[in-house]
Every structure is written in structure tokens, then in C-alpha cells.
Amino acid sequence: MILAWLLIILVVAGVLAAISARWSHHLARWISFAATLLDLALILFLWVRHAGEISLSPSSPWLEQLDGSWIPQFGIHFHLALDGLSLLLLALTFFLGAVSVLCSWTEITESVGFFHLNLLWILAGISGVFLALDLFLFYFAWELMLVPMYFLIALWGHERRVYASIKFFLFTQLSGLMMLVAILVLYFLHHEATGTYTFDYEQLLHTPLSSTAAFWIMLGFFAAFAVKLPLFPLHTWLPDAHTEAPTAGSVILAGLLLKTGAYGMIRFVVPLFPDAAREFAPVAMTLGAIGIIYGAVQAFGQHDLKRLVAYTSVSHLGFVVLGVFSWNELALQGALMTMLCHGISTGALFILTGALQERIHTRELGRMGGLWATAPRLSGAGLYFALASLGLPGLGDFIGEFLVLLGTYRAHRILAIIAAIGVLTATFYALRIVQRAFQGPNEHAWSLRDLVPREGLIIGVMAASLLWLGLYPQPIFNTFSPALHALESTVQFRR
Amino acid sequence: MNATGFITLLPIVVIAATSIAVMLATALRRSHIAALIVTVVGLCGAFACLFVAAPLVPYDVTPLIRIDSSALFYIGLILAGSLAVVFLCYGYYRRQTHSRPEELYILIATAALGSATLVSANHFASLFLGLEILSVSLYGMIAYSRDLKISVEAGLKYLVLAAASASLLLFGMALDYFELGSMEFGQIASAAALPGVDGVVVLLGVVLILVGIGFKLALVPFHMWTPDVYQGAPAPVSAFVATVSKGAMFALLLRYFDRASARNYGALLLVLTIIAVASMFAGNLLALLQNNVKRILAYSSIAHLGYLIVAFEASGDMAGFAVAFYLVAYFATMLGAFGVVTMLSTPGSDLGDLNLYRGLFWRRPALAAVFTVMLLSLAGIPLTAGFVAKFYVVAAGASALLWLLIFTLVVTSAIGLYYYLRIIVALYSRAQAPVPTAAVGFPASAALGWTLGVLTAIVIGIGCYPSPVLRLIQAMTKL
């Protein structure tokens, strides 16, 4: 039941925030902040409570389950389940949720209530995606996060927000519909083979499929996840959406929404269609490797700081695709680590960009420079997260990318080498941020307020967690290893 | 006709009586509220009679009319839709003191009568009778704002095209009768199977009948009238044309195909596939070019009827269920969308221009929220009835392996999203409407407010928990 509460809290708090904003904007902010913190506390509580069980690698990977009938006519259940993989991603979700409420504290001044309603409902949709074990419910949650995200970009975004929001919506919706068709075909094929109509993940895992059918259905799922991820060449919505979204929107997009795509590949694409996925792996991995290089090169060429950070996501998520489709333990651990760390480091970079924009009202790198002199704390934080992004040892991103490279080397040498070059290219864009924005002479004679305590707190906590992930990642590995083992054994069994 | 026949026919009889009662009441004394009360009581009474008739079905009341549970279900849907339109009309015409809206209620009652006849028809004669009662009522309803050129033009356009399509329909019926010697749906099926029947003539007849039906459903290429009529007609009447009239026609199509075994003609299914693909593409693409909300909704309804054909072609029980469910969702959503337009309009100056919807959210947040829900439901986004309905349609299509249709549905509904989003963007835009119209500041009417509230509750309720409706549909519309 605690799983349902995770969702209920967000949904109800969203409505409360919308109503309370009539009287006080601060009340709406506090309600949202409290809701995200409460969810974070709940998930940490679950983590601590199940810490013992996790290391014992029990027979069932699920730590918590909730299963209730929803639409019995179609065999649809309200089936939520939590394993180590979902647990970590949920922790990231609520952490970044709290962060995004805090970072929009002064940025959002218009229709504050509606903003927080959207924000919390996106988080509810994302949590639903990470928890759903019924494919209908999964699709439901998948689509549910789109509408509030669309509003977030379209209403509180920057100059070209309408264009960016519509592009985002169309891309994700079209690919989502392909997944819907794929889900339905799987559903009917399962019925043909077994005589039961069900959307239950664990039952659908045992659907016998011909290799052609498996390939096409897999492609339907893959399309939806690849757009969300985003995989080159389906990434074109991303730079626009990230750039035009308000800071909280960019944090959630980069930190969480992209992860739902990667999660879908790990949870659904490979376990449901192991053979088709293995056949398809070279294509996906090649696209991932292209994405790594392409994203880095594009990032290097940007003049808009936010757009630059957006392109780095394309590059980082390329590693995740490589890791997932290599499908060995090292690579998967690396992919997950990259997902978590990218969420934090890129989220922090977006927050810093947002803080800069609030102060100097521009995102143009050309209008910056020499900010270290006037805002040392902000610039120091910028350097820290830029280094994290380029994969400095000691910070979390390094562990993730290193493991992905190791794992990929076993599966596909050439791609591993190309990806390693990608790590190098990251140095160029990361250092470019630092040099253009923070170092050099202060040509435009900026005199800025440095990070206020609220921003300092966010950035500090994010920096500390990244350092923790980089120095002592063992608890993380311990948590998701059983879940990964379970997924791997499913795939082994089906192959 | 015996007692059982009379009782099963009671819902239709009560609807007919309602129209007479409203006419008499209006003749006695012109009163808007009295006309409303008589109509509402009559329609509710007819609805109650459905429950009386339910235990006795299926029953053939004369060879013309066959009342079965699916007919009762669709009559119920027609009555509910008409009732919503009646309330919309009341809120709409109350804003203009010198208008004389009482006769509109008579026309709504007769149109509902025609629709109820259609969905229970079992014979070409009753089909044609129902169709003409419906059409003639609609001529009057569409041109009801008779001082308005655009309204009269719409009425005339509908009159001419409906008459033309009715003659094609009649010709088709005549061909089939000539070849098969019967006009009863059930006997057509058995006669067509006999040796010595010229299949080409029969098929030609069926295709002509399909043209007549396609016109009423506004399927491509018989859709030309739709945007003009929707734009010209008073907003509540547009709602009626979009929902009740099309829903009744679609139920008839389902019934005719089932009972007359028209599915056996492969060529016919091919024609339907082409029509569906064309409707989905044309509806969604042409809607992109519009700047008038009523016209956008018109093209959207063309596309939605295309989606319905996808479910229809799936055949079997699944098709019937999916169509029924889609119609329920579509009724609630379209009525809601036109309800919002009604809320912002006065007779003679319907709010169509998309520019005038700019920034509605900042002035009338509740109304804009309702409109958003309806548009998202039309687009098929979760938490709304439209999502479950679209899901059901795709499921039906996938179960019958109709890949071309499903693929078209997926692509075109992604295209369709764009114009729904355009309206939503306008609603939430911070720029205000260039001309602040009187209607936008119009006080909310209780009748309209409640209707919209109930419709929104239905759309979201079905979207979150569709089980009860599904159960009802599976019990009622099993073939």
C-alpha cells in the first residue's frame, strides 16, 4: 500500500498546492516541497527497511508489491512493484523533485499554484512509470507525464516555448502510440498462445513469440524509449525542449524523463524480447556511440549555455544505451550509475544556468566571462559540475562511464573505442563552459549576487551526493544488483 | 400489435408524445421554462421506459422495428445526448430575451424520435422513415437563427445535400429490393445467399446505401457540408449534429451490416477501409488549416468517425463493444466541447474565432480547464474517456490484424494532436484576446454550468475507472 501512497501524496498535494495558491504563493511552494520530501523520506525508509533483504538476494526480486483489479474486462490490474532498480530511480525522482521545487522558488511568480500542480503530477507520472508492472498501467503513466510537462514548457518557458513544447509533445506522443500498438499486439499474441487476456508483465514475460513478431513488437517499444532517451537521430526535440523549459522543467526533463526511456529498455525491451534485442543490439549500440560523439560535438558548438548542457545529455545517454544493449553485469551497472549521476550533475548544471539567467537575463556564452571574480561560489560550483560531466575520477559520472566502457569492450570492441573517444570530447565542452563563462576578464563588468543560501543548499547537497556516488558507490551496487540478476536470469532463461 | 409490442415500443412512443406535448404547451402559452420542463420530463420519461422495456427484449414489433438490448442502449445514449443538448439550448437562448426558442425543443424531440427509430430499424422502410424524420428536424434546427445569413446558408446547404444523399440511398434500396425481393434486413441476408442472384446489382445497391449513410456520418468524401454547417448552426445544434445524429447513424450501420450480413462483401470492406483512411487523413489535416474552433471541431469529428470505422471493421463482439464505448466517450466529449463554445456564445454571435479564445484561462479558469479536459479527451490522453476509447479501438483493430487502419490511426492522431494543442496554447496564452467580446465576460448560466460539470465528471470518471460502463456495454450490445 505504501507504493500507492507514494503516488497519492503527489497527486493530492498537487491539487492542494493549486488551491492554496489563491491565498499564498508560499503556501503552495511549501506544500509541494513537503510532499516531495515526504515521498523521499518514504522511499528512504523502504530502502533502510529492505536493506537486509536486498543483500540476501531473495527468491523474488520485488521488495514491495501492490496488486488490485482495475479494469477486469481487459485483464488490467493496478499492479505496482518495487525492486532495487525502481527504488533507486524513485529516490532520484523525489530528490530531484524537491530540488526542482526549491530552484523555482523565486523564478516562478506567475500562476504559482498551477505550476506546482503540473510539477507534482509529472513526478507522479514518472513514479508510476518506475513502479508499474502492468503494461496498460505503464502506458497510462507514460502518457500521463506528458501533458503537465507540456504545460510546464508552454506556460513558463522562455522565448520559443510554444514551438518547443509542441515539438516535444508530438515526438513523444507519436512514439508512445507505437508502443501502445506493440503492447496490444503482445497482449493478443499472449491470448492466442495461452488463452488468457492479461497485461501483467510477469505473465507476458512467458509469451512464446515467433522471431518476426518479437522483432516488430520490440521495435514498437524501442521507438518510444529511444525518443524519450533520446537516441540519435530521434533527439531533435531535446535541445529545444530543454532550452526553452523553465529551470525546474529542464531539471526534470534531463534528470528524470530521459531516465524513463532507459528504464523502459532495461525493464521491458530486453527481458520481453531477448533474442530480438540481441539481434538489434549492434544497431542500437552504434546509434548510441554516434550519439556520444555527436552530442559532444554539438555541445561544443553551442553559444547558448542551456542548449550546450542539453546536448551533453545526448552524449551521456549514449553511454546508457551502450551499457543496456551490451547486457552484461558491468555494463548494466555502469548504465545505471550513469543514469543516476547524470541526473544529478546535469540537473545541477541546469540549476546553475537558471541561476545565472535570473541574474544576468541571458544564456549567451558570449555575454558572460569573468564571473569568477564577482560570484565565486556560483562559478566554483559550475567548475565542479562541469568536471563531473567530463568524467573526473572521484565523482559519480566517472564510475558509470568507466564501467560502461569496460562492459562494452567485452561485447563490442570497436564501439567501446569510439565511446572512449567520446569521453575525451566531453573535456572540450566542459572546459569550454568553465573558460567562457567563469574565467577570463570580466568584460561586461558584471556585478552579481552570489548563490543565496537556498541555492547554496541545493547545490551543496547535489555536490555531496555526487562525491558520495563517486567515492563509495557500493551501497548503490548492492541495492540494484539483485534486481539486475533477476532480469539477467529472465533473459538467460528465455534465450 | 400486442401488449408486449407496445411496451417495448414505449420509449419511442414517449419521445413522440413529448414533441406533441411541447407543441401544445407552446401553442397554449409561450414560455421558455415551460417548454424546457416539458421536454426534460418527456425525455426522462422515455429514458425510464427503457427499463420497463428491458426485460421483454429482443422483440420484433412488426417487421419494421426490432427492439433488442443494443437498440435500447443506443436509444438511451440518444436520450442522454438530447437531454444535454436541451440544457445547452436553454442556457444559450436565455441570454437573448427576444428570441423564440420554444420550437427548437419540438425539433429536438422529433430529431430524437428519428434517431431512436433509426437505431431500432429492421427494414428499409423504417430506416428511411427514421432518417427523414431526423433530417427534416435538423434542417429546422440548423437554420434556427433565421436572422443570420450564415445559419440559413448552413440549413440550405444541409437540405440540398441531405436530399441528394437520401435519393441515392433510396435508389440503393430499390436496387436491392429489385434483386432480392425483400426489404427486411434479416431476409436480405438469406435472399442474397440464394443461387441466381446478381451479386453486382446487390453490391451496387449496398454501396449506394453506404453513400447515404456516409453522408450523414460526414465521412470523406461526403464530408463537404460539415464545417459550414457546424459553423453556421447555433452551437448547441452543432453539438446535436456532431453527436446524436451521427451516433444514431453509426448504430444503424452496425445493425445493418450485422443483420443483413453485409460483411460478406469483401469489396464493401475495402471501400470502408479507403473511406476510413481518407477520413482520418482529411479530417486531421484539414483541421490544421482552420482558425475557427467550430470548424476545427467539425474536422475533428470527421476524423473521429474514421477511427470508429477502424473498430467497426474489426467485426465480432469486440467491434460492437468498441464502437459502443467509443460513442459513449465521443458523445460526452463532443457535447462538452460544444458546451464550452455555447457557454461563450450568444445567439447570433457564436464565439468561433480562435483568437478570441486567447488567454481564456486567466479570465475563466474553470471553463478553460473543462475545455482542456475535453480537448485532451478528443486527443486521447490518459485520465480522460477518449484515452480508453482510443485504446479500445486500437485493441479491436489489432485483434483483427487491421494494420493499415491502425497505422493510419496512429499517424493521424499524432497529427491531430497539433490542432488540439493549438487551441490549448491559445487558452493559456498570456496575450489577451484582441477584441474583448461581450460573450467572454458573460455570466455563467446554472444550466450550462451543471451540464458541463456533469459531462466533465463523466469524461474523467470513464477515463479513470471505465469498468462499470464496459460491463453495461458488454451486457447490452452483445450481438
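Start with Lys228(A): its charged end sits over the ring of Trp142(A), 3.9 Å from the ring centre. A charge sits over a ring here if NZ of Lys or CZ of Arg is within 6 Å of the ring centre and within 35 degrees of the ring normal. Arg432(A) also lies over a ring face, that of Phe300(A), at 5.5 Å from the ring centre.

A word on what you are looking at. This is a predicted model, in which local features need pLDDT of at least 70 and side-chain atom pairs count only at pLDDT 80 or more, while totals for chains, interfaces and linings use all residues. Residues are numbered from 1 along each chain as its sequence is written, chains are lettered from A and ligands numbered from 1 in the order in which they are written, and side-chain values use heavy atoms, with hydrogens and water left out.

Next, ring against ring. A pair of aromatic rings is described by the distance of the centres and the angle of the planes. Rings of Phe, Tyr and Trp (its six-membered ring) pair if their centres lie within 6.5 Å; planes under 30 degrees apart count as stacked, over 60 as edge-to-face and the rest as tilted. By this rule there are 65 aromatic pairs over all chains. Take Phe215(A) and Trp216(A): the ring centres are 5.8 Å apart and the planes are at 80°, so this pair is edge-to-face. For burial, I use relative accessible area: buried means under 20%, exposed over 50%, and partly exposed in between, with a 1.4 Å probe and protein chains only. Phe215(A) has 26% and is therefore partly exposed, while Trp216(A) has 56% and counts as exposed.

Phe222(A) and Phe280(A) are also edge-to-face, with 4.8 Å from centre to centre and 80° between the planes. Where in the chain do Phe222(A) and Phe280(A) lie? Phe222(A) is in helix H9 (residues 211-228) of chain A and Phe280(A) in helix H12 (residues 274-301) of chain A, so to speak distant parts of the chain, 58 residues apart. Helices (H or I, at least four residues) and strands (E, at least two) are DSSP runs, numbered from the N terminus. Side chains of opposite charge can pair when their charged atoms come close. The rule is a side-chain nitrogen of Lys or Arg within 4 Å of a carboxyl oxygen of Asp or Glu. The structure holds 18 salt bridges over all chains.

One of them joins Asp240(A) to Arg160(A), with the closest N and O atoms 3.7 Å apart. Asp240(A) lies in helix H10 (residues 237-244) of chain A and Arg160(A) in the loop between H6 and helix H7 (161-194) of chain A, so the pair ties together parts that are 80 residues apart in sequence. Asp240(A) is buried at 4% relative accessibility, and Arg160(A) is partly exposed at 42%.

Another joins Arg359(A) to Glu455(A), with 2.8 Å between the closest N and O atoms. Here the partners are in helix H14 (residues 329-360) and helix H19 (residues 453-471) of chain A respectively, so parts 96 residues apart in sequence are tied together. Are these two partners buried or exposed? Arg359(A) is buried, at 13%, and Glu455(A) is buried too, at 7%.

In chain B, Glu102(B) bridges to Arg30(B), the closest N and O atoms being 2.5 Å apart. Glu102(B) is in helix H4 (residues 102-119) of chain B, and Arg30(B) is in the loop between helix H1 (3-28) and H2 of chain B, so this pair ties together parts 72 residues apart in sequence. Glu102(B) is buried at 5% relative accessibility, whereas Arg30(B) is partly exposed at 35%. Back in chain A, salt bridges that share partners join Arg160(A), Lys167(A), Asp240(A) and Arg307(A) into one network.

Staying with chain B, Thr39(B) lies in helix H2 (residues 32-53). Thr39(B) is buried, with a relative accessible area of 0%. Which residues does Thr39(B) contact, leaving aside its neighbours within four places in sequence? They are Thr18(B), Val22(B), Val86(B) and Tyr105(B), where contact means heavy atoms within 4.5 Å.

Last, helix H6 (residues 146-156) of chain A is mostly covered, with 11 of its 11 residues buried. Among them are Pro148(A), Tyr150(A) and Trp156(A).
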